[in-house]
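Good morning, colleagues. Please take a moment with the sequence and the structure before I turn to the annotated residues.

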Amino acid sequence: MQPIKVSLQYLLPKHALSRLVGKLAAAQAGFLTTWLIKLFIKQFNVDMQEAKQPNPEKYKSFNEFFTRPLKDGVREIVEDPLKLAHAVDGTVSQLGDIEADRIFQAKGHDYSLAALLGGDAELAKPFEGGKFATIYLSPRDYHRIHMPMDGQLTDMVYVPGELFSVNPLTTAHVPGLFARNERVVSFFDTPHGKMALVLVGATIVASIETKWAGTVTPPTGKQVQRWQYPAQGNNAVALKKGEEMGLFKLGSTIVAVFEPGMVEFENMQPGDVTRLGQPFATLKS
């Protein structure tokens, strides 16, 4: 049954399906929207007591519910300046060393760092031999992404691609999954080195947004696109640890990468649950 589920994903019109679901999720359909939200909450055991608006009947669209902000103080951001904070609520898929240009995905599968970051060798070079962490966001999770540490945005890259599911089953069976799916990559200079956050699209992920650019996709593109940002002036983007940097409308995965000698991860293993703001890694320099 599992191989059949994976094989079907190659045949499905994933982009068309995802855009259709996106339109439905954005619709304000009154009773139908409320019914769908309540069904989703029950099916995935969503903890609405953490939401700033806990009443499902107050959400006008499914997207509004899905991207719900949390109550103030529900997630505390680690204050220690030597500690990075978890960027999301999720589950560790994999983490560890980047072996030259290769990132481990699952048993029998790895993929190219340069491909993940959009195919530009210049942008990828500083991260070779560094560290990576792949975090999966399940349907029940909070779907806004926050900064692990202070960072100055230097580049944003949109990479067109597939929209395979990113659940554990697909991750274990689709080669090069995270370097194949559509994604948005944000590059930051930090006081301790370079960091990139990769927001990976997936089946029925209707939108990826960043705080500085708004909706990056859809519409989907056919070419890699790159935007560069100055260190100063009106277009400069500087974000503090714990500050929101983007969101998914419907869930997916992030991949965080760091240059060599920059961080040492906390004692985490694949399958461990992550919570926004809790200690993620320790700075080595």
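In which strand does His146 lie? His146 belongs to strand E6, strands being DSSP runs of at least two residues, numbered from the N terminus. This is a predicted model, in which local features need pLDDT of at least 70 and side-chain atom pairs count only at pLDDT 80 or more, while totals for chains, interfaces and linings use all residues. Residues are numbered from 1 along each chain as its sequence is written, and side-chain values use heavy atoms, with hydrogens and water left out.

According to UniProt, in an unreviewed entry, the annotation "active site" covers Asp89, His146 and Ser252; such annotations may be inferred rather than shown by experiment.

His146 counts as buried because its relative accessibility is 9%, where buried means under 20% relative accessible area with a 1.4 Å probe, protein chains only. The side chain of His146 is joined to that of Tyr142 by a polar contact of 2.8 Å, that is, a pair of N or O atoms within 3.5 Å, one able to donate a hydrogen and the other to accept it; residues adjacent in sequence count only if both atoms are side-chain atoms.

Asp89 sits in the loop between strand E1 (83-85) and strand E2 (90-97). At 2% relative accessibility, Asp89 is also buried, and its side chain makes a polar contact of 2.8 Å with the side chain of Arg75.

Ser252 occupies the loop between strand E14 (244-249) and strand E15 (253-258), and its relative accessible area is 0%. For Ser252, the unreviewed UniProt entry also lists "modified residue: Pyruvic acid (Ser)".

Key:
Helices (H or I, at least four residues) and strands (E, at least two) are DSSP runs, numbered from the N terminus. Buried means under 20% relative accessible area, exposed over 50%, partly exposed in between (1.4 Å probe, protein chains only).
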